[in-house]
Amino acid sequence: MDSKTTTNSLPEVLFDGMAIPPFPPLRVSVRQRFEDIRGLCTRPDDVIITTYLKSGSHWVWEIICMLLQGTTSFVKEGKGSQFLEALDDLNLINKMTSPRTLNTHLPYRWLPRKHLENDGKIVHVVRNPKDVAVSMFFHFKETGEFVGSEMLDFDDRVNGMLSNAPNQPYGGWFTYEKDFMKRSKSNIHFVHFERLKRYPLEEIKRLADFLRVSYSDQLIFHIAEKCNFTSLKEADDTTKDTTMCKKNVHGPNSKSIFLDGTIENWKEYFTVSQSERFDDYFCEQMQGCDFKIEFE
């Protein structure tokens with residue numbers, strides 16, 4: 001196996017119409033892990049973060065942990081310690097103290113059944129899919145999470161996003177997001193990556209209100225400062241224990257998961273033709289969805 005990453009040279013796992021990075025538990029039995037997640041015994045104060053790939057789950061996880069703790073201290077273990085599909089032993093979740101900030105890229109239909117039935121809190125992060133395409137392109141080249149992805153050019157990544165073919169990463173952005181939009185309920189809080197980047201104080205306050213935690217303006221300000229991408233990168237390099245994440249997710253030599261968090265970065269990579277094709281497909285797929293994406 002290539003030392004660059006634990007998943008490089010391993011085929012992605014195919015299940016339920018999705019292609020999923022070959023995390024060790026999924027290579028053993030993807031169906032069993034998915035069923036175990038669906039049957040997870042959640043607690044009333046659990047928060048589950050759901051995101052499509054490369055949409056800001058690490059960023060929002062840090063913010064939520066600080067809000068729940070009422071502090072600006074980083075959690076040493078990091079998001080990977082509660083990443084449901086990649087944990088070596090899902091039973092570790094049961095030993096964690098409350099409140100737990102669980103996270104997953106799985107689609108709505110595979111979320112813990114008890115959490116859904118009890119209207120447990122879900123924070124769903126959505127990002128402009130053009131920026132998702134750019135971030136996925138570079139992430140897959142770096143990690144090799146999908147076989148052959150390091151050999152693809154950017155047009156291949158765009159074509160993949162605009163494909164209805166089965167076995168797209170986690171089922172594809174459009175299918176994934178439309179499913180969450182249909183389930184919009186009071187227990188699901190939508191965080192828009194672009195708004196959080198532009199208006200961090202306002203959006204962190206909205207998130208705190210949804211979580212029903214007490215806060216001061218000073219705490220919100222300091223959380224926003226602590227969770228800018230420069231600080232997150234530094235913490236990832238110096239404070240966070242990334243052992244589990246490097247072992248099971250991104251590989252031992254992987255770089256920080258935090259890039260620059262730039263919005264509208266797609267403009268540097270999309271050609272006019274690619275952007276127009278993307279816009280046409282977006283309008284076709286999202287017709288009738290009462291949902292706004294900030295492309296500009």
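Buried means under 20% relative accessible area, exposed means over 50%, and partly exposed lies in between (1.4 Å probe, protein chains only). Helices (H or I, at least four residues) and strands (E, at least two) are DSSP runs, numbered from the N terminus. This is a predicted model, in which local features need pLDDT of at least 70, side-chain atom pairs count only at pLDDT 80 or more, and totals for chains, interfaces and linings use all residues. Residues are numbered from 1 along each chain as its sequence is written, and side-chain values use heavy atoms, with hydrogens and water left out.

**Exercise 1. Burial of a helix**

Task: Find which residues of α6 are buried, and say what this means for the helix.

Solution. 
- Locate the helix: α6 covers residues 173–182.
- List the buried residues: Trp-173, Phe-174, Tyr-176, Glu-177, Asp-179, Phe-180 and Met-181.
- Draw the conclusion: 7 of the 10 residues of α6 are buried, so the helix is largely enclosed by the rest of the structure.

**Exercise 2. A strand and its neighbours**

Task: Sort the residues of β3 by side, then identify the pairing of β3 with β4 and with β5.

Solution. 
- Recall the rule: in a regular strand, side chains alternate between the two faces of the sheet.
- Sort the residues: Val-47, Ile-49 and Thr-51 are on one side of β3, with Ile-48 and Thr-50 on the other. Both faces are covered, and these residues are all buried.
- Conclude on burial: 5 of the 5 residues of β3 (residues 47–51) are buried, so the strand is largely enclosed by the rest of the structure.
- Apply the pairing test: two strands pair if DSSP finds at least two bridges between them.
- Take β4: this strand pairs with β3 in the parallel sense over 4 bridges. Thr-101 in β4 is the bridge partner of Val-47.
- Take β5 (residues 121–126): this strand runs parallel to β3, joined by 5 bridges. Val-123 in β5 is the bridge partner of Ile-49.

**Exercise 3. The open sheet**

Task: Give the strand order of the open sheet of 3 strands and name its edge strands.

Solution. 
- Read the order: β1-β2-β6, with mixed pairing.
- Find the edges: β1 (13–15) and β6 (168–169) each pair on one side only.
- Ala-19 stands opposite Pro-169 in β6.

**Exercise 4. Backbone exceptions**

Task: Locate the cis peptide bond and the positive phi values of Asp-16 and Asn-167.

Solution. 
- Find the cis bond: it runs from Ser-98 to Pro-99, with omega near -5°. Pro-99 sits in the loop between α2 (57–69) and β4 (101–104).
- Take Asp-16: its phi is positive, about 55°. This residue lies in the loop between β1 and β2.
- Take Asn-167: its phi is positive too, about 65°. The loop between α5 (154–161) and β6 holds Asn-167, which is partly exposed at 32% relative accessibility.

**Exercise 5. Salt bridges**

Task: Describe the salt bridges of Arg-109, Arg-195 and Arg-198.

Solution. 
- Arg-109 pairs with Asp-16, with the closest N and O atoms 2.8 Å apart. Arg-109 is in the loop between β4 and α3 (113–117) and Asp-16 in the loop between β1 and β2, so the pair ties together parts 93 residues apart in sequence. Arg-109 is partly exposed at 34%, as is Asp-16 at 36%.
- Arg-195 meets Glu-203 at 3.1 Å, N to O. Arg-195 is partly exposed at 25% relative accessibility, whereas Glu-203 is buried at 5%.
- Arg-198 meets Glu-294 at 2.5 Å, N to O. Arg-198 lies in α7 (residues 193–198) and Glu-294 in the segment after α12 (272–285), so this pair ties together parts 96 residues apart in sequence.
- Finish with the network: salt bridges that share partners join Arg-195, Glu-202, Glu-203 and Arg-206.

Methods: A salt bridge is a side-chain nitrogen of Lys or Arg within 4 Å of a carboxyl oxygen of Asp or Glu.
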